[in-house]
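Me: I've got a model on the screen and would like to talk through its charges and its fold. Can we take it step by step?

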Amino acid sequence: MTGQRGAVLPETGVSSIFTNTKEFIREYRAEFAEHLGKAFEDGDRLEQYTILVRMIRRYISRQWVYTNTQYGKKDSDKQIYYFSMEFLIGKLLNNYLANLGIREVVSEGLAQLDVDLDELFEIEVDAGLGNGGLGRLAACFLDSMVFLGIPGHGNGIRYRFGLFRQKIVDGQQVELPDNWLRHGYPWEIRKPEKAVVVKFNGTVNWQQDGKRLTFKHENYDAVLAVPYDVPIIGYARDDQINTLRLWSAEQAGDEFDFASFNRGDYAKALHSRSDAEAISYVLYPNDSNLSGQELRLKQEYFLVAAGVGGIVARYKKKGGLISEFNENVSIHINDTHPALCVAELMRILVDEENMGWDQAWTITANTISFTNHTVMPEALECWPEEMFRRLLPRIYMIVAEIDRRHRVLLESHSATPSQIANTAIIRDGQLHMVNLAVIGSHTVNGVAALHTEILKKDLLRDFYANFPYKFRNETNGVSHRRFLYCANPGLSGLITDCIGDSWIKDLRQIRELGRFENDKQVLNRLNAVKRENKERLAKYIHDTMGIAVDPGSVFDVQVKRIHGYKRQLLNVLKIMAVYDLIKENPYYEATPNTYIFAGKAAPGYHFAKAIIKLIVAVADKINSDKAVSDILKVVFLENFNVTIGEMIYPASDVSEQISIAGKEASGTGNMKQMMNGAITLGTLDGANVEIRDAVGEENMALFGLKVEQVNSFYLKGGYFSWDEYHSDHRIKKAVDHLIDGHFPNSGNEFRDIYDGLLRDNDEYFVLKDFDSYMDAFGKLNSWYRRPEQWARVSLRNIVQSWPFTSDETIKRYEEEIWER
């Protein structure tokens with residue numbers, strides 16, 4: 001049974017969920033009495049939200065248990081375990097009510113109790129489990145796997161304080177703890193009986209045992225990894241519930257330094273507990289110093305050891321033969337952070353299962369697959385050899401042996417010395433995790449066609465030269481059920497009225513909407529839906545920031561992590577140039593624009609934080625200038641997360657995807673905005689290339705250097721940013737504003753940006769692409785002045801967004817990588 005509500009689940013004998021409003025109200029009241037010992041009328045909004053979640057979790061828990069007992073009974077039930085440092089799942093309640101088909105019943109029942117369901121949605125917090133596209137992709141993949149009936153489960157860390165909560169104070173980013181667990185997390189279930197002991201430091205002793213060596217890790221520091229399970233509920237799939245398992249670090253054992261406590265040395269008494277719990281406190285602790293690097297390495301091994309250990313234990317408990325492990329289990333590592341899955345699985349097979357190296361390696365290499373998400377060097381995970389050896393002594397020995405055997409293999413294949421050196425795991429006093437991931441995986445995939453070609457021709461070219469069969473391309477996708485169906489009910493209703501609701505399950509059906517591109521009634525309604533979404537976002541901006549923006553203006557959106565290569569700076573210089581143009585020519589007829597930014601900068605990335613400061617300074621100057629208040633507004637929305645994104649994407653007119661060609665692996669914000677009818681303003685980078693192939697260049701605005709030109713400049717030189725500065729008065733004036741006192745009280749705060757553009761020759765070609773960017777921007781503004789044409793192009797983007805649903809991506813993973 002799929003998608004039937006209130007029926008009996010197959011073979012379980014339990015009712016799936018309440019079927020009407022009266023039944024819901026009765027059970028909701030009963031839940032209050034049972035779990036809180038009070039009547040519904042005595043509860044507050046937080047309790048009303050918590051009890052609602054508990055009700056849903058209780059109902060789906062029956063099927064959750066049933067799902068887990070059934071997995072593995074069929075040959076097709078190969079288990080997929082997706083390891084990621086991030087799972088940006090956002091809020092779950094609205095989506096899960098929609099997926100279970102009970103949103104209307106719940107809303108009506110609560111209304112009869114004088115409770116607004118939307119207020120309960122507001123109570124829910126975004127889970128602090130991720131930061132950007134990497135984590136949101138992982139969450140979309142979980143959604144698609146359960147919808148497609150794939151037994152796919154996430155393995156991540158239960159961060160106590162997330163990444164950080166971003167506040168803008170005096171124009172600057174300030175990082176505060178994201179205490180998202182303050183009131184608990186009602187979706188999760190703690191599973192202490194499934195805890196795993198993770199070992200750090202210590203010594204490794206070995207001895208000859210007959211014909212084999214045995215190894216014993218002793219005098220180690222133990223940390224307990226305790227799992228918390230979160231249900232993954234798919235759309236119309238109440239016959240299957242998958243699991244996101246989040247690991248929390250705790251002190252192992254009950255040891256307590258009572259003597260130190262009695263002496264008043266409380267810090268020493270709690271030292272062991274604090275050291276253990278710190279592992280799962282914060283996502284991506286600052287690694288600009290050795291202690292931060294050590295904590296990040298401990299985090300990554302903690303996730304891997306807990307996750308792989310739990311998988312093997314579960315597999316054996318179900319009676320699986322360890323010699324057939326790779327036939328029944330796939331472990332997928334999402335970027336290089338979980339690369340130690342390779343070494344940890346080898347450790348378990350060799351040390352605990354007493355396998356010979358060759359058999360263990362065959363199983364490991366046929367179990368693990370790897371997705372690379374970046375070509376940026378700082379994200380490729382290298383660890384100091386001495387630190388790694390001390391912290392993970394047995395794992396170091398295994399990695400060293402993998403490295404030795406890899407070198408021998410390449411020598412036997414007549415690889416060149418440079419190929420051997422470039423693909424080695426251990427070199428120059430560093431351990432290179434990307435190389436471990438590639439060596440230990442049966443497939444390696446990029447996340448957009450261009451990105452995969454860059455991996456093969458550049459970053460991983462020496463691997464590709466020797467192991468070309470490993471490489472695949474699997475372009476990213478996003479959950480259209482989350483970011484279109486649930487986030488944009490107005491557009492969803494329009495689509496369903498035109499073509500029916502089959503597109504919710506199969507986005508390929510949305511191509512039928514193309515028949516309406518010349519239907520004026522549909523185009524007018526499309527524009528009206530967009531206007532409603534913009535009004536909702538405008539209200540949020542006004543309520544949270546006190547800034548009034550015009551819903552009739554172009555909502556020009558760039559929301560993503562702040563980084564030099566993503567070129568928020570190019571966007572800001574454009575805004576400064578437009579502002580200067582209007583001020584110089586009061587009769588200039590400009591299209592009204594509202595420029596919307598959001599995103600976080602890494603705490604130690606000072607350039608990115610300066611960009612945020614500049615955006616806010618530009619916003620303050622423009623928004624306070626009454627002469628342009630009807631034409632321009634600039635907004636920086638703080639603490640960007642999934643929930644804010646779900647407001648922004650449906651309201652976006654222009655999707656700014658302007659990274660320098662060759663640096664953005666894929667991007668997913670481009671896909672989310674395209675699905676919601678935004679028109680892409682972008683370079684030919686990442687998945688923008690495939691968006692162009694899908695919708696046609698005439699239905700987007702492209703500009704800038706191509707990747708071949710960028711690489712030529714990097715390799716051969718020939719670009720001089722001073723030439724651009726002196727040849728374009730718009731550039732010169734905007735760049736000079738960084739240091740000429742244009743921004744009151746800024747002092748020399750933007751000098752580093754100025755020097756980066758001119759003294760350091762503009763690493764990301766901001767000035768080189770400026771003129772073509774302005775032309776593309778102007779083209780979109782001219783389109784916007786013709787509403788029917790704009791709606792037609794918008795509709796074409798929606799129609800051609802179907803390849804970018806994560807359903808399509810996961811189908812390819814299942815067939816080409818996991819081989820289910």
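Predicted model: local features only at pLDDT ≥ 70, side-chain atom pairs only at ≥ 80, totals over all residues.

Me: Which residue does Asp-728 meet in a salt bridge?
Reply: The N to O distance for this pair is 2.8 Å, and a salt bridge needs a side-chain nitrogen of Lys or Arg within 4 Å of a carboxyl oxygen of Asp or Glu.

Me: Which helix holds both Glu-385 and Arg-389?
Reply: These two form a salt bridge, with their closest N and O atoms 3.6 Å apart. Glu-385 is buried at 15% relative accessible area, while Arg-389 is partly exposed at 36%. They sit four residues apart, about one turn of the helix, and that helix is H14 (residues 385-391).

Me: How many residues apart in sequence are the parts tied together by Arg-508 and Glu-808?
Reply: The closest N and O atoms of Arg-508 and Glu-808 are 2.9 Å apart, and the pair forms a salt bridge. Arg-508 lies in the loop between helix H21 (489-499) and helix H22 (520-545), whereas Glu-808 belongs to helix H34 (residues 806-817), so the parts they tie together are 300 residues apart in sequence.

Me: Which residues are linked in a network of salt bridges?
Reply: Side chains of opposite charge can pair when their charged atoms come close. Here a network of salt bridges links Asp-358, Glu-401, Arg-404 and Arg-405.

Me: How many salt bridges turn up in the whole structure?
Reply: The protein carries 96 positive and 112 negative side chains, and the centres of the two sets lie 2 Å apart. Searching the whole structure for salt bridges gives 59.

Me: Where is Asp-114, and is it buried or exposed?
Reply: Phi of Asp-114 is near 60 degrees, a positive value in a residue other than glycine. Asp-114 is in the loop between helix H4 (103-112) and helix H5 (117-123). Its relative accessibility is 67%, so Asp-114 counts as exposed.

Me: What is phi of Asp-428 near?
Reply: Asp-428 lies in the loop between strand E14 (426-427) and strand E15 (430-432). At 71% relative accessibility, Asp-428 counts as exposed. The angle is positive in a residue other than glycine, and phi is near 55 degrees.

Me: Zooming out, what radius of gyration does the protein have?
Reply: The C-alpha trace spans about 90 × 70 × 65 Å along its principal axes. For 820 residues a compact globule would come out near 28 Å, and the protein agrees with that, at 27 Å.

Me: What share of contacts between residues at least 6 apart in sequence joins residues at least 24 apart?
Reply: The protein has 34 helices and 23 strands, and buried residues make up 60% of its 820 residues. Of the contacts you ask about, the share joining residues at least 24 apart is 75%.

Methods. Residues numbered from 1 in each chain as written. Heavy atoms only, no water. Helix = DSSP H or I, 4+ residues; strand = E, 2+ residues; numbered from the N terminus. Rg over C-alpha atoms; globule rule 2.2 N^0.38 Å. Buried < 20%, exposed > 50% of the residue type's maximum accessible area, 1.4 Å probe, protein only. Contact = heavy atoms within 4.5 Å. Lys, Arg positive; Asp, Glu negative; His and termini not counted. Charge placed at Lys NZ, Arg CZ, Asp CG, Glu CD.
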